[in-house]
Amino acid sequence: MAARAVGLLASLPLCAQRSQVLRPIHRLLSCPRTVAAEIKREEQSSGSVETGSEGRTPKKTFSEVQKERREQAQRTVLIHCPNKISVKKFLKYLSQHGPINNHFFYESFGLYAVVEFCQKESVTSLQNGTRTPSMGTEAAIPFRSRVFNLKTKNPSNPTSEQSRVQCSIHAPPSSKKLLELLCYAESIDDQLNTLLKELQLTEENTKLRYLTCSLIEDIAAAYFLDCTVRPFGSSVNSFGKLGCDLDMFLDLDEIGKFSANKTSGNFLMEFQVKNVPSERMATQKILSVIGECLDHFGPGCVGVQKILNARCPLVRFSHQASGFQCDLTTNNRIALKSSELLYIYGALDSRVRALVFSIRCWARAHSLTSSIPGSWITNFSLTMMVIFFLQRRSPPILPTLDSLKTLADAEDKCVIEGHNCTFVRDLNKIKPSGNTETLELLLKEFFEYFGNFAFNKNSINIRQGREQNKPESSPLHIQNPFETSLNISKNVSQSQLQKFVELARESAWILNQEDKDRPSSSRSQPWGLAALLLPSVVNSASLAKRVRKKPASERIKSLLESIKSSGPENATSTNGKRTVSTQA
Ligand code: CTP
Ligand code: MG
């Protein structure tokens with residue numbers, strides 16, 4: 001039975017195996033109590049607040065971070081290397097073009113090096129010293145990018161210095177490894193922090209994301225000089241998990257702004273341009289041509305699909321060299337603003353990200369979310385639900401969007417396509433919450449809260465931080481914070497919502513069965529968060545009917561009885577703890 005549970009676990013989304021150098025797990029296992037402190041320490045030492053922290057050190061704004069990272073990326077190149085290489089010689093060779101600020105290696109269809117020069121000119125120098133390959137029977141399109149192939153002059157004569165290099169990790173740990181780590185944690189709080197630490201984007205992965213955008217920008221700039229390609233969504237909002245997609249926004253709005261301001265005299269000069277009947281059509285035409293360009297000239301851009309009839313037209317492709325699945329949109333400035341808002345919420349209190357990561361992971365483990373579009377709930381919606389829940393605590397852990405708006409000053413004012421997107425952007429102006437609830441309590445209460453939420457009549461609204469009557473009949477209504485007439489979870493079906501509610505109730509029940517302290521000496525018994533990631537035991541169409549109309553505590557009681565008597569198939573319930581072997 002235990003073996004079966006492991007089989008099911010292996011199909012969890014966390015299954016991407018680490019092919020590269022293993023992270024020092026013993027570091028976590030030997031001192032698990034320090035995970036939260038370790039996260040904080042790492043954030044501080046990197047000088048970054050992108051990952052959020054409660055520290056009282058001044059925090060960078062979202063646009064400061066974006067600007068800094070973008071500038072770094074412009075000085076950076078991507079080099080495909082032979083599998084064995086002398087790192088010392090490699091760096092010396094590249095230093096001919098100028099000093100190197102930092103570098104790292106990773107594996108994705110071969111060995112790659114990301115090399116950040118101190119100056120942008122070094123990139124041009126490297127490009128000038130690079131040849132276009134001759135392809136034998138095939139013809140090469142002579143496209144000069146910042147993606148290179150490094151060849152050794154004497155491949156048949158390797159030197160002793162050539163060896164396998166240390167690679168940074170860009171995949172999440174396997175589900176087995178993650179479960180082990182969770183079982184070894186000291187407390188449920190520690191489990192949530194461990195999960196966050198293991199799944200969050202690393203510094204290198206973030207760098208690679210900005211670099212990929214910068215490389216795509218080079219291609220788009222062939223048509224639209226001075227355009228910008230910016231990452232948005234979970235790559236930058238601090239809720240990204242290793243392996244998440246890379247959402248990009250082709251920003252054409254800045255083009256021409258500077259020159260227009262500079263003109264003086266009696267005349268006004270305009271570019272002659274072509275007109276199309278609507279903004280949407282312009283977007284479609286621009287994306288169509290960029291899609292073609294990526295397909296024909298973009299090194300490593302494969303599987304290019306133009307999805308131009310979607311509500312938000314996009315070009316989807318795989319960027320082989322980085323391993324990212326990319327979605328490129330344009331005219332999507334509001335989504336960038338949502339990313340900034342989430343970044344702020346993520347940075348305000350360290351409990352926010354820990355809770356969001358755990359809820360997302362829980363949802364994925366139970367197939368409530370999927371990488372395929374459909375009637376399931378999305379990670380974005382789940383994040384909104386957690387934010388809303390944290391706004392509802394007493395005292396609130398997170399402020400409402402309306403209160404962030406009242407803290408805004410003139411410089412924060414932002415109206416996009418008639419939608420008011422104003423909120424305070426300086427994190428240091430927001431007062432920390434006085435709420436001291438533990439993550440363990442918050443996790444339980446989250447499941448109880450949404451296990452009993454009146455989804456049939458109420459809408460979730462982070463702008464006001466309170467339930468509102470649903471303006472339309474979709475099963476799940478989560479108001480878009482800026483385009484308030486939109487429901488971000490319009491796609492969610494009644495059956496998917498029902499499944500969410502039932503699993504939330506089951507999880508609340510499981511957590512209520514657990515001892516508050518860490519379980520006994522056996523480390524093979526999943527407990528706390530680990531128990532929640534196991535396959536569900538609820539056969540719930542009937543269960544939901546039974547518990548629907550009863551008050552919360554009774555519902556949990558009834559659920560408990562029902563689960564006890566239903567004889568779970570794929571897990572052994574012992575005193576509220578389901579067993580699983582952590583052996584392969
Ligand atoms: N977005 C939105 N409304 C939606 C869906 C998405 O405004 N109905 C915006 C959000 O800013 C979201 C971004 O588009 O963050 C990217 O969407 P998506 O990739 O679906 O979500 P992510 O937040 O990036 O999460 P994931 O890790 O699942 O990619
Ligand atoms: Mg995304």
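## Buried cysteines, a mixed sheet and a magnesium site

C301 counts as buried, at 6% relative accessibility. The model is a predicted one. This report starts with the cysteines, then turns to the sheet, the metal site and the salt bridges.

### Cysteines

How many disulfides does the structure hold? The count is 0. Two cysteines show why. For C301, the closest cysteine sulfur belongs to C326, and the gap of 7.3 Å is too far for a bond. For C81, the closest cysteine sulfur is that of C167. Those two sulfurs are 9.6 Å apart, again too far for a bond. A disulfide would need the two sulfur atoms within 2.5 Å. C81 is buried too, with a relative accessible area of 4%.

### The sheet

Five strands form an open sheet in the order β7-β8-β11-β10-β9, with mixed pairing. β7 and β9 (301-307) are the edge strands. Each has a single partner strand, so one side of each is left without a neighbour in the sheet. From one strand to the next, the twist averages 25 degrees.

Helix α12 (residues 333-348) packs on this sheet and touches β7 and β8. The helix direction makes about 45 degrees with that of β7.

Which way do β8 and its partner strands run? β7 (residues 228-232) and β8 are antiparallel, joined by 5 bridges. V229 stands opposite L250 of β8 in this arrangement. β8 and β11 (residues 324-330) run parallel, and 5 bridges join them as well. L246 has C326 in β11 as its bridge partner. F249 stands opposite T329 in β11.

Is β8 mostly covered or mostly open? Strand β8 spans residues 246-251 and is mostly covered, with 6 of its 6 residues buried. L246, M248 and L250 point one way from the strand. D247, F249 and D251 point the other way. Both sets are buried.

### The magnesium site

Which residues supply the protein donors of the magnesium ion (ligand 2)? They are D245 and D247, each through an OD atom. Both lie 2.1 Å from the ion. D247 belongs to the set on β8 that includes F249 and D251.

D247 counts as buried, at 13% relative accessibility. D245 has a relative accessible area of 28%, so it is partly exposed.

The structure holds 25 salt bridges.

| Pair | N to O distance |
|---|---|
| E203 and R69 | 2.9 Å |
| E217 and R70 | 2.6 Å |
| K207 and E116 | 3.8 Å |

What does the bridge between E203 and R69 tie together? The side chains of E203 and R69 meet at 2.9 Å, N to O. E203 lies in helix α9 and R69 in helix α4 (residues 62-74), so the pair ties together parts that are 134 residues apart in sequence. R69 is buried, at 8% relative accessible area. E203 is partly exposed, at 33%.

E217 is found in helix α9, which covers residues 203-220. E217 forms a salt bridge with R70, with the closest N and O atoms 2.6 Å apart. R70 lies in helix α4, so this pair ties together parts 147 residues apart in sequence. R70 counts as partly exposed, at 25% relative accessibility. E217 is buried, with a relative accessible area of 8%.

What else touches E217? Leaving aside neighbours within four places in sequence, E217 is in contact with R70, Q74, C227, T228 and V229. Among these, V229 is the residue that stands opposite L250 in β8.

The side chains of K207 and E116 also meet in a salt bridge, at 3.8 Å from N to O. K207 lies in helix α9 and E116 in strand β4 (residues 111-117), so the pair ties together parts that are 91 residues apart in sequence. K207 and E116 are both buried.

Salt bridges link R69, E71, R75, E116, E203 and K207.

Note on methods: Residues are numbered from 1 along each chain as its sequence is written. Chains are lettered from A and ligands numbered from 1 in the order in which they are written. This is a predicted model: local features need pLDDT of at least 70, side-chain atom pairs count only at pLDDT 80 or more; totals for chains, interfaces and linings use all residues. Side-chain values use heavy atoms; hydrogens and water are left out. Donors are N, O and S atoms within 2.8 Å of the metal (3.2 Å for Na, K and Ca); water is not among the atoms, so sites may look incomplete. Buried means under 20% relative accessible area, exposed over 50%, partly exposed in between (1.4 Å probe, protein chains only). Helices (H or I, at least four residues) and strands (E, at least two) are DSSP runs, numbered from the N terminus. Two strands pair if DSSP finds at least two bridges between them. Contact means heavy atoms within 4.5 Å. A salt bridge is a side-chain nitrogen of Lys or Arg within 4 Å of a carboxyl oxygen of Asp or Glu. Axes are lines fitted to C-alpha atoms, for helices over the stretch in contact, and angles run from 0 to 180 degrees between N-to-C directions.
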